[in-house]
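Hello,

Here is the structure I promised to pass on. Please open it first, then read my notes below.

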Amino acid sequence: MKKFLEFIGASENNFNIIKESKVWSLFYEMGKSLSKNFGDDPESQVRKNETMNSYFGVILYQIHVGVSGNTARTHIREYGKNIVNSVDNEDFNDDVADMVDDLSESLQDEEIHTTSDLMQSLTDENETVEELGDTFDTYMRNARNSESVDKFIRNIKQNVKYYHDLNEDGGLIGSLRYNEVSEDQLKELQKYMRDLNQLSKELFSKYGDEIR
């Protein structure tokens, strides 16, 4: 929090700004994420400091647009999960670095003593803050889409495993025995397997077409 206050050009003990902006809990989430994702070696510390500045930029964006409390904490937690703890973190840091530096310099040129001072300065730097926010939103949206794809693939994988296990168990599950299955039921099962076989061929071709 002291580094954040230094980042905006306020006194390092002026915690009222953080309290009144209702972003106190965000630094707790931020601290957990930084500890989890970065080590003590010099290279890691450089990336940690770059990420810390990106965090400060995201927090200022949230303050500017009025996101606070549990909603802001959820956003910061998702930022840590979807960007900081991902291969996209360095790209995000690179994309926002100039915006974050410009914002910090502009705020430090002002005399930030109160929350009102900070809010007015952010309004004056609206274009930079909004650009930073747009970049953040784009990365978060892409991360959520990627997460949805991963979930979809996991579901398909689980279904394939189900049929694999079914085949390994002789075609029935649990304690079922073929003497408990009627001829009509076996024909019904054959129909479903034929449909599944046809669908899997069609989907295999569709995915192949997209690869080409």
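Is the crossing in which helix 3 passes helix 4 left-handed or right-handed? It is a right-handed crossing. Please keep in mind that this is a predicted model.

Start with helix 3, residues 24-37, and helix 4, residues 42-65. Their axes come within 11 Å and cross at roughly 155 degrees. Angles over 145 degrees count as roughly antiparallel, so helix 3 is roughly antiparallel to helix 4. On the helix 3 side, the residues that meet helix 4 are Leu26, Phe27, Met30, Ser33 and Leu34. On the helix 4 side they are Lys48, Thr51, Met52, Tyr55, Phe56, Ile59 and Gln62.

Now turn to helix 5, residues 69-84. Helix 4 and helix 5 pack at about 145 degrees, and their axes are 11 Å apart. This crossing is right-handed. Helix 4 brings Thr51, Ser54, Tyr55, Val58, Ile59 and Gln62 to the meeting. Helix 5 brings Ala72, His75, Ile76, Tyr79, Gly80 and Val84.

Look at Gln62 in helix 4. Its relative accessibility is 1%, so Gln62 counts as buried. Leaving out residues up to four places away in sequence, Gln62 touches Leu26, Val67, Ala72, His75 and Ile76.

**The core**

Which residues touch the most other members of the largest nonpolar core? They are Phe4, Ile8, Ile59, Leu60, Tyr79 and Leu118. The core holds 41 residues. Helices 1 through 8 each give two or more residues to this core. Helix 4 gives the most, with 8 residues. As background, nonpolar side chains in soluble globular proteins tend to be buried together.

Tyr79 deserves a click. Apart from neighbours within four places in sequence, Tyr79 is in contact with Thr51, Ser54, Tyr55, Val58, Val84, Phe92, Phe136 and Met140.

**Aromatic rings**

How many aromatic pairs does a search of the whole structure find? It finds 11. Take Phe92 and Phe136. Their ring centres are 6.5 Å apart and their planes sit at 65 degrees, so this pair is edge-to-face. Phe92 lies in helix 6 (residues 89-109) and Phe136 in helix 8 (residues 126-168), so the pair ties together parts that are 44 residues apart in sequence. Both Phe92 and Phe136 are buried. Ring pairs also link these two with Tyr55, Tyr61, Tyr79 and Tyr139 into a cluster.

**Single residues to look at**

- Ile63 is in helix 4. Its relative accessibility is 8%, so Ile63 counts as buried. Leaving aside neighbours within four places in sequence, Ile63 is in contact with Phe4, Ser21, Val23, Leu118, Met119 and Leu122. From Ile63 to Asp41 is 22 residues in sequence and 33 Å in space, C-alpha to C-alpha.

- Ala10 is in the loop between helix 1 and helix 2. Ala10 is buried, with a relative accessible area of 11%. Its contacts, leaving aside neighbours within four places in sequence, are Leu5, Ile17 and Ile112. Ala10 and Thr114 are 104 residues apart in sequence, and their C-alpha atoms are 8.5 Å apart.

- Arg144 is in helix 8. At 36% relative accessibility, Arg144 counts as partly exposed. Arg144 and Glu78 are 66 residues apart in sequence, with 9.5 Å between their C-alpha atoms.

- Lys22 is in the loop between helix 2 (16-20) and helix 3. Is Lys22 buried or exposed? Lys22 is exposed, with a relative accessible area of 55%. Lys22 also has a positive phi of about 60 degrees, although it is not a glycine. Most residues other than glycine have a negative phi.

**Where to begin**

I would begin with helix 4. Helix 4 meets helix 3 through residues that include Tyr55 and Ile59. Helix 4 meets helix 5 through residues that again include Tyr55 and Ile59. From there, go on to the ring cluster, which has Tyr55 among its members.

Best wishes

Key:
Residues are numbered from 1 along each chain as its sequence is written. This is a predicted model: local features need pLDDT of at least 70, side-chain atom pairs count only at pLDDT 80 or more; totals for chains, interfaces and linings use all residues. Side-chain values use heavy atoms; hydrogens and water are left out. Rings of Phe, Tyr and Trp (its six-membered ring) pair if their centres lie within 6.5 Å; planes under 30 degrees apart count as stacked, over 60 as edge-to-face and the rest as tilted. Helices (H or I, at least four residues) and strands (E, at least two) are DSSP runs, numbered from the N terminus. Buried means under 20% relative accessible area, exposed over 50%, partly exposed in between (1.4 Å probe, protein chains only). Contact means heavy atoms within 4.5 Å. A nonpolar core is a set of buried Ala, Val, Leu, Ile, Met, Phe, Trp, Tyr and Cys residues joined through side-chain atoms within 4.5 Å. Axes are lines fitted to C-alpha atoms, for helices over the stretch in contact, and angles run from 0 to 180 degrees between N-to-C directions. Angles under 35 degrees count as roughly parallel, over 145 as roughly antiparallel, 65 to 115 as roughly perpendicular and the rest as oblique. A crossing is left-handed if the near helix is turned anticlockwise from the far one by less than a right angle, and right-handed if clockwise.
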